[in-house]
Amino acid sequence: MTDRRATLQAFFTSMHGAIRARTAASDSAAIAAGKIFAGLERPEPAAPRPADRVPACRYIDDALSDATRTDHPAADHARALAALVPDLTWYTRPGSDTADDSFATSHANATIVGNGGLARCPNVRIGVSLLAPNVQYPDHRHPPEEIYVALSLGDWRQDKGPWHEPGPGGIVYNPPSILHAMRAGSMPLLATWCLWNG
Ligand SMILES: [Fe+2]
C-alpha cells in the first residue's frame, strides 16, 4: 500500500499544481481545489479491486504519450496519472450502452477517489475521462462544482453556449448544477476532473 499511497499523493500534488498554475487564488476553481486537496491529506485507501478496461481504452496509450511529452504544460500531472492507469477500473457512462452503440465504445471514465476508485475521501470525487476522436460527451449536470484539467486538445462548453478549447493544461470550472459537455476533435480527449460536494 505504500507505493499506492505515494503514486496517489504524487497525482494529487500534480493535479493541484496544474490547477494553481492556471488560476488566481480568488478564482472559484482555485477555492474549490483548495477544499478538495485539503480533504485529501488523509485519504482512506480503498480495498483493492481488479483493474478493468472498456473498448475506448484503446486510445489511452496514444493520449498519454502525447500528454507526457516534456514540453506539454501539464506533463507532470499526465505522468502522475499514467502511473495510476494500470490499476484503474474503467467504465462507461451509465445507460450509454442502450443509447448509442458507437458512444458506448468511444468513451471511458475511471474513478480515482470515490466509489470504485483507489481511495475514498468524504465530499471528494476525482477521476479521468477519455473520448475517442470526433466524439462528444453529452450535456450533463450535477450538484457538486467541478474542475477539469485538460490533458489534450478538445472543446468544452456550458449551458449549450459556444465551444471553447482550453488547450493542454487548461482548466475548466463548472459551478454547481450547470449544464456542460465536451467533445474531442481529431485527437482523443483526455482530462482529469475533481468534484467538491461539501
Ligand atoms: Fe461533469
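# Reading a predicted iron site and its surroundings

Tutor: In this predicted model, His72 touches Asp66, Ala67, Leu151, Ser152, Pro168 and Gly169, leaving aside residues up to four places away in sequence.

Student: What makes these residues count as touching His72?

Tutor: Contact means heavy atoms within 4.5 Å. Asp66, Ala67, Leu151, Ser152, Pro168 and Gly169 are in contact with His72 on that basis.

Student: Where does His72 lie, and why is His72 called buried?

Tutor: His72 sits in the loop between α3 (60-67) and α4 (75-84). Its relative accessible area is 8%. Buried means under 20%, so His72 is buried.

Student: What makes the pair of Ala74 and His72 a polar contact?

Tutor: The backbone nitrogen of Ala74 lies 3.0 Å from a polar atom of the His72 side chain.

Student: Now the metal. Which residues coordinate the iron ion?

Tutor: His140 (NE2), His142 (NE2), Glu146 (OE), Glu146 (OE) and His180 (NE2) do, at 2.2 to 2.7 Å.

Student: What spacing do the donors follow along the chain?

Tutor: The spacing is H-x1-H-x3-E-x33-H. His142 lies in the loop between β6 (136-140) and β7 (145-150), and His180 in strand β10 (residues 180-183). The pair therefore ties together parts that are 38 residues apart in sequence.

Student: Are His142 and His180 buried or exposed?

Tutor: His142 has a relative accessible area of 17%, and His180 has 1%.

Student: Which residues of the largest pocket's lining lie nearest its centre?

Tutor: Arg125, Tyr137, His140, His142 and Trp193 do, out of 15 lining residues. The volume of this pocket is about 290 Å³. β5, β6, β7 and β11 each supply at least two lining residues.

Student: Which members of the largest nonpolar core touch the most other members?

Tutor: Phe37, Trp90, Ile112, Ile126 and Leu190, of 45 residues. α1 gives the most to this core, with 6 residues.

Student: What makes Leu131, Val135, Trp156 and Ala191 part of a core?

Tutor: A nonpolar core joins buried residues of listed kinds, including Ala, Val, Leu and Trp, through side-chain atoms within 4.5 Å. These four belong to a second, separate core of 15 residues.

Definitions and conventions:
Residues are numbered from 1 along each chain as its sequence is written. This is a predicted model: local features need pLDDT of at least 70, side-chain atom pairs count only at pLDDT 80 or more; totals for chains, interfaces and linings use all residues. Side-chain values use heavy atoms; hydrogens and water are left out. Donors are N, O and S atoms within 2.8 Å of the metal (3.2 Å for Na, K and Ca); water is not among the atoms, so sites may look incomplete. Helices (H or I, at least four residues) and strands (E, at least two) are DSSP runs, numbered from the N terminus. Buried means under 20% relative accessible area, exposed over 50%, partly exposed in between (1.4 Å probe, protein chains only). A polar contact is a pair of N or O atoms within 3.5 Å; within protein, one must be able to donate a hydrogen and the other to accept it, and residues adjacent in sequence count only if both atoms are side-chain atoms. On a 1 Å grid over the protein atoms alone, a cavity is a set of points where a 1.4 Å probe fits but cannot get out, and a pocket is an open set with protein on both sides within 12 Å along at least five of seven lines; lining residues have an atom within 4 Å of a point. Grid points are joined across faces, edges and corners, and a volume is the space filled by probe spheres set on the points.
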